[in-house]
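Here's a quick briefing to read with the model open beside you.

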Amino acid sequence: MATWAELERNAPALADAGRKLIYQFGQMGLAFLATVRRDGAPRLHPICLTIVDGGLYAFILSRSPKCADLRRDGRYALHTFPPVEVDDELMLAGRAAGITGDQQRVKRGRGELLPGGVIGGGNPGAVVQFSIRPGQDGE
C-alpha cells in the first residue's frame with residue numbers, strides 16, 4: 001500500500017500536479033469519492049481531503065452512506081475535479097483505512113489538529129478520518 005510520501009518520492013511531478021488539483025479550490029482539498037455500496041453498486045459523492053505529513057486523509061460524516069461503505073469495504077476510487085482551463089485529473093484507487101483512537105492526529109488545511117477517529121462523538125455531524133492510500137487493490 002503506497003502513501004502520499006511514496007508517490008512524492010517515486011513520481012514527484014505527478015504528486016505535485018495531484019496536490020494542485022486536490023487544493024485548487026482553497027485550503028481544504030476536494031474530490032469525488034466512489035465507494036462500493038452493500039449491493040455492489042458504486043456510490044459517488046464529493047469529499048474533503050488533506051495531505052499532511054506524507055499521508056492523504058479524507059474527512060467523512062460518520063452517519064453518511066459513504067462512511068458505512070468504507071467501514072464495510074474499504075475499496076475506493078478518488079477523482080479530482082477538472083480545472084476549468086484544462087482537462088487534467090488525478091485518479092487514485094485503493095483501500096481506505098479508518099483512523100481510530102490515538103493512532104494519528106491530522107492537521108487540516110488551516111493548521112488545527114484533529115484527533116484520530118470519530119470527531120464529535122456520536123452526534124450526527126461527527127466526522128470520521130480515513131487514510132486514503134493509493135495503489136492497494138484490496139486483495
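Let's start at glutamine 24, which sits in the loop between α2 and β1 (29–36); helices here are DSSP runs of H or I with at least four residues, strands are runs of E with at least two, and both are numbered from the N terminus. Glutamine 24 counts as partly exposed because its relative accessibility is 29%, where buried means under 20% relative accessible area, exposed means over 50%, and partly exposed is in between (1.4 Å probe, protein chains only). Its C-alpha atom is 9.4 Å from that of threonine 80, a residue 56 positions away along the chain.

Keep in mind that this is a predicted model: local features need pLDDT of at least 70, side-chain atom pairs count only at pLDDT 80 or more, and totals for chains, interfaces and linings use all residues. Residues are numbered from 1 along each chain as its sequence is written, and side-chain values use heavy atoms, with hydrogens and water left out.

**Overall fold**

- The protein has three helices and nine strands.
- Of the 139 residues in the protein, 41% are buried.

**Salt bridges**

- A search of the whole structure turns up seven salt bridges, each being a side-chain nitrogen of Lys or Arg within 4 Å of a carboxyl oxygen of Asp or Glu.
- One of them pairs arginine 19 with glutamate 8, with 2.9 Å between the closest N and O atoms. This pair ties together distant parts of the chain, since arginine 19 belongs to helix α2 (residues 12–22) and glutamate 8 to helix α1 (residues 4–10), eleven residues apart.
- Arginine 19 is partly exposed because its relative accessible area is 30%, and glutamate 8 also counts as partly exposed, at 31%.
- Arginine 43 and aspartate 69 meet through their side chains in another salt bridge, at 2.6 Å from N to O. Here too distant parts of the chain are linked: arginine 43 is in strand β2 (residues 42–52) and aspartate 69 in helix α3 (residues 65–72), 26 residues apart.
- Are arginine 43 and aspartate 69 buried or exposed? Both are buried.
- Aspartate 73 bridges to arginine 75, and their closest N and O atoms are 2.6 Å apart. Aspartate 73 is buried because its relative accessible area is 16%, while arginine 75, at 36%, counts as partly exposed.
- Salt bridges with shared partners also join Arg43, Asp69 and Arg72 into one network.

- Which residues form the negative surface patch? They are Glu85, Asp87, Asp88 and Glu89.
- To join a patch, a residue needs over 30% relative accessible area and no salt bridge; like charges are joined within 9 Å, and nonpolar side chains (Val, Leu, Ile, Met, Phe, Trp, Tyr) within 5 Å.
- Glutamate 85 lies in the loop between β4 (75–80) and β5 (91–98), and it is exposed because its relative accessible area reaches 65%.

**Cysteines**

- The disulfide count is zero, a disulfide being a pair of cysteine sulfur atoms within 2.5 Å.
- Cysteine 48 counts as partly exposed because its relative accessibility is 31%.
- Cysteine 67, on the other hand, counts as buried because its relative accessibility is 0%.

**Pairs separated along the chain**

- Alanine 58 lies in strand β3 (residues 55–61), and it is buried because its relative accessible area is 0%.
- The C-alpha atom of alanine 58 is 6.7 Å from that of isoleucine 132, although 74 residues separate the two along the chain.
- Glycine 98 is part of strand β5 and is partly exposed because its relative accessible area is 36%.
- Between the C-alpha atoms of glycine 98 and cysteine 67 the separation is 9.3 Å, and along the chain these residues are 31 apart.

Notes
Areas by Shrake-Rupley, 256 points an atom, 1.4 Å probe, with all protein chains shown as cover. Lys, Arg positive; Asp, Glu negative; His and termini not counted. Charge placed at Lys NZ, Arg CZ, Asp CG, Glu CD.
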